[in-house]
Amino acid sequence: MPWEDVLKQVRETIDELAPQVEITSIDLEGPLVVVYTRDMEFFADHPEVIKKVAQTVRRRIFIRPDPSLLMDESTAKDEILKLVPEEAGIKDIYFEPETGEVVIEAEAPGIVIGKDGQLLNEIKKKVKWAPRVVRAPPLESRIVKEMREYLKLVREERREILRNIGKRINRPPLSGEQWVRVEALGGYREVGRSSTLIMTRTSKVLVDCGLNVAAPDKGDPWSGAPYLYVPEVWDPSDAEKPFKHLDAVVITHAHLDHVGLAPLLFKYGYDGPVYMTAPTRDLAAMLLIDYVKVAQSEGKKVPYESKHIKEMIKHTITLKYGETTDIAPDIRLTFHNAGHILGSAVSHFHIGEGLYNIVITGDIKFERSWLFNAAHNRFPRVETVIIESTYGGREDFQPSRREAAERLKEIVMRTYEKGGKILIPVFAVGRSQEVMLVLESFMRKGELPEIPIYLDGMIWEATTIHAAYPEYLNKDLRELIFQKKENPFLSPIFHRVESSERREEVISSSDPLIVLSTSGMMNGGPVLEYFKHWADDPRNTLIFVGYQAVGTLGRKIQNGLKEVLMSLAGKPITIKVEMNIETIDGFSGHSDRRQLIQYIASMNPKPERVITCHGEENKCIDLAIGLHRRYGMETMALKNLEVVRLR
Ligand SMILES: [Zn+2]
Ligand SMILES: [Zn+2]
C-alpha cells in the first residue's frame with residue numbers, strides 16, 4: 001500500500017486500540033514506521049498494541065519519545081556525570097535519538113545501575129532519556145567513535161534520506177504474473193568482484209558490489225569492477241542517476257571483494273539504502289578509506305573518492321542478525337551469522353507473500369572458530385542457495401583449526417631456533433585476529449618463547465572494532481576479552497607499528513620477531529616493505545595463512561616464484577626469494593569442501609537448487625557436480641552475466 005496509507009492506517013489502528021494516548025507524529029524511517037509519543041510508559045506497559053499495529057500494516061513499528069520531552073544532550077551528559085559516582089569509571093556517554101536512549105559506557109556498570117536500579121531511575125527522571133548501561137569495551141576503537149560522531153553530524157540529512165527510502169519501499173508492488181530472476185554480475189567462476197542482482201517484477205536488489213583488487217591495473221578505473229553497466233542495472237538514458245532502478249544494495253561483509261566498489265554507486269547518483277550489519281559498516285569504512293589512501297599513494301587509479309565512502313555510510317541501514325526487514329515492496333531481508341569475519345552475514349531474501357526464498361551465503365565458515373560460531377543454516381523456507389566455493393574443489397580439504405595451530409607453532413619454533421624473522425601477510429580483518437589469539441595462547445602457556453609480535457597496517461584498528469561488538473563473537477572469546485587480566489588482545493607481546501620510522505626499526509632489528517602485516521595477498525601495503533628486506537635471508541620465514549587470489553604477488557610466491565621485481569627508494573630492484581615459504585591452510589575464514597557440502601546437506605529446510613560462485617572456475621564446477629551427485633538437487637555454476645529464472 002502507498003506510504004500515505006500506511007501512515008494513516010497506523011494512526012487509525014492506534015486510535016482505535018488506545019484512544020487515550022497522545023501521538024505527536026508518525027514518520028517513515030527507511031524500512032521502519034516510527035511513532036512519536038508523549039506516552040512512552042503506555043507502550044512499555046502494553047506491547048500488544050504495537051504488535052497488533054505491526055500485524056495490521058505488516059511493517060516494523062518503532063515507538064519513540066517525542067523529542068521535546070528529552071533533555072538537551074550536553075546538559076543531560078553533565079547531569080549524568082553529576083549523578084554517577086566516580087568509581088563507576090564512566091568511559092563514554094552518547095545519545096541514540098533513534099531509540100530515545102542514552103548509552104553509558106562504564107567500567108563498573110553495577111554502580112551506574114545502583115541498588116535495585118535506583119540510580120538508573122534517578123537518571124531517567126532527570127534527563128528523560130532512557131539510560132542503557134554497558135560495560136566499557138576493553139579496547140578503545142577510534143573508528144567506532146568517529147563513526148558515531150559522523151552519524152551525529154549527518155543526523156538531519158539522514159532523516160530525509162531515510163524518509164525517501166521509506167516512501168520507495170512502501171510503493172505498491174506491480175500486479176500481474178510474478179517471477180524471480182538472479183543475474184551473476186561478478187565473482188562467478190572467479191574470486192574478487194562479487195555481485196549478484198535479484199530481480200522481481202517489481203524490484204531490483206544488488207547483493208554485494210565487490211572489487212577485484214588483484215585485477216591488472218590497465219589504467220581503466222573500472223578494471224576489477226562487476227558488470228554494473230548492464231542495462232538492467234545502469235540506465236544510460238539518465239546520466240545523473242544511472243542506478244536509479246536499484247531498490248537496495250545489500251553487503252554481506254566488509255572485505256573489498258564484496259564492498260570495494262559500493263561507493264562507486266554514490267558517485268553516479270545512487271541515493272538508495274545499503275543494508276549491512278553495524279560491524280560491517282565500521283570495518284568497511286576503515287578498509288575502504290585505507291584502500292583509497294594506499295592506492296593513491298601507490299599512484300593507482302581509484303574509481304571513486306573518500307567523499308563517496310561517506311555518502312555510502314550516510315545511506316547505510318544496519319540490521320542485526322535475525323532481524324527481518326522490508327527492503328523493497330516485495331522483498332524482505334534477514335541476516336544471519338556467517339562465521340567468516342566480524343559482522344559477516346548469510347542473507348535470506350523472502351520474496352512476495354510466500355512466493356520464493358533465496359539464501360546468499362556470502363563467504364562462510366561452517367565450523368566454530370576462535371572468533372565466531374559456525375555459519376547459520378536454518379531458515380523458515382529456502383528454495384535457492386547461492387553459495388561460495390573458494391575451497392569447493394575436489395581436493396580442497398583443510399586441516400582442523402587445532403592442526404593448523406600446531407603447524408604454526410612448529411614453524412615459528414623452527415624459525416626462532418635458526419635466528420630468523422617471521423612475516424605473516426594477513427587481511428586486517430579476520431585471520432589476523434585468529435593468528436594473534438593462537439600465538440598469544442601458545443606463549444601464555446609457555447609452549448612458545450615470548451617473541452614480540454608486531455602488528456602493521458590496519459590490524460590493530462580492526463581488532464578494537466571486534467571488542468566494540470562483543471555480541472558478534474563466540475561466547476568463549478567474549479568472556480575472555482572482558483576479563484581484564486586475561487584479555488589476549490591486551491597482551492604485552494603485541495606491539496603496534498604506527499609510523500614508518502617504527503617500521504624501519506622493526507625491519508632492521510636483529511632480534512627474533514614476528515610481523516603480521518597487510519595486505520593479505522601481498523598486492524600492496526606495508527607487508528611489501530618487510531618482504532623486500534627479509535626475502536633474501538634463508539633463516540627467515542614467510543607464512544601464508546589466508547587465500548591467495550590468482551594474479552596476486554602472494555599467489556606467485558606461494559607457487560614458487562624465485563625473483564620479484566620491486567622498487568626500493570624509487571629504483572627498480574630484483575628481490576631474490578631465499579626465505580622459507582610456508583602455507584598453513586586451516587586458518588581460513590572459508591569453509592573447505594567438506595564443510596560447504598555439510599552446510600548444504602544439513603540445511604533446514606533442504607533447498608531445491610544450489611548456485612555456486614566465489615571460487616576459481618574448476619572449484620565452482622566441482623562443488624556444483626559434487627552436490628548434484630550426492631543429493632540430486634539442481635546445481636549450477638553460473639558464469640558472469642548469466643541470468644537464471646528461479647520462479
Ligand atoms: Zn570475505
Ligand atoms: Zn570474498
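The model is predicted, so local features need pLDDT of at least 70 and side-chain atom pairs count only at pLDDT 80 or more, while totals for chains, interfaces and linings use all residues. Residues are numbered from 1 along each chain as its sequence is written, chains are lettered from A and ligands numbered from 1 in the order in which they are written, and side-chain values use heavy atoms, with hydrogens and water left out.

The zinc ion (ligand 2) is coordinated by Asp257 (OD), His258 (NE2), Asp363 (OD) and His614 (NE2), at 2.1 to 2.2 Å. Donors are N, O and S atoms within 2.8 Å of the metal (3.2 Å for Na, K and Ca); water is not among the atoms, so sites may look incomplete. Along the sequence, the donor residues of the zinc ion (ligand 2) show the spacing D-H-x104-D-x250-H. The pair links distant parts of the chain. Asp257 is in helix 9 (residues 256-259), and Asp363 is in the loop between strand 16 (356-360) and strand 17 (384-388), 106 residues apart. Helices (H or I, at least four residues) and strands (E, at least two) are DSSP runs, numbered from the N terminus.

The geometry of this site is irregular, with angles of 91 to 163° among the four donor atoms of the zinc ion (ligand 2). Four donors count as tetrahedral if all angles lie between 85 and 135 degrees; four count as square planar and six as octahedral if opposite donors are over 155 degrees apart and all others between 65 and 115; anything else is irregular.

The zinc ion (ligand 1) is coordinated by His253 (NE2), His255 (ND1), His340 (NE2) and Asp363 (OD), at 2.2 to 2.3 Å. Its four donor atoms subtend angles of 91 to 166°, so this arrangement is irregular. The donor spacing of the zinc ion (ligand 1) along the chain is H-x1-H-x84-H-x22-D. Asp363 forms the bridge between the zinc ion (ligand 1) and the zinc ion (ligand 2), which lie 3.4 Å apart. His253 lies in the loop between strand 10 (248-250) and helix 9, and His340 in the loop between strand 14 (331-337) and strand 15 (345-351), so the pair ties together parts that are 87 residues apart in sequence. His253 is buried, at a relative accessible area of 1%. His340 is buried too, at 2%.

Gln398 is in the loop between strand 17 and helix 13 (401-418). Gln398 counts as buried because its relative accessible area is 10%. Beyond its neighbours within four places in sequence, Gln398 is in contact with Lys365, Tyr391, Asp585, Ser588, His590, Asp592 and Arg594. Contact means heavy atoms within 4.5 Å. Gly392 also has its place in the loop between strand 17 and helix 13. Gly392 is buried, with a relative accessible area of 0%. With neighbours within four places set aside, Gly392 is in contact with Arg593, Leu596, Lys619, Asp622 and Leu623.

Helix packing was examined next. The axes of helix 11 (residues 278-297) and helix 15 (residues 459-468) come within 10 Å and cross at roughly 170°. Helix 11 is therefore roughly antiparallel to helix 15. Axes are lines fitted to C-alpha atoms, for helices over the stretch in contact, and angles run from 0 to 180 degrees between N-to-C directions. Angles under 35 degrees count as roughly parallel, over 145 as roughly antiparallel, 65 to 115 as roughly perpendicular and the rest as oblique. Asp282, Leu283 and Met286 in helix 11 meet Glu461, Ala462 and Ile465 in helix 15. Elsewhere, helix 18 (residues 527-534) is mostly covered, with six of its eight residues buried. Among them are Tyr530, Phe531 and Trp534.

Some backbone features remain. Most residues other than glycine have a negative phi, and most peptide bonds are trans. A cis peptide bond joins Thr518 to Ser519, with omega near 0°. Ser519 is in the loop between strand 21 (514-517) and helix 18. Asn604 and Pro605 are also joined by a cis peptide bond, with omega about -5°. Arg58 has a positive phi, near 55°. Arg58 is partly exposed, with a relative accessible area of 46%.

Note on methods: Buried means under 20% relative accessible area, exposed over 50%, partly exposed in between (1.4 Å probe, protein chains only).
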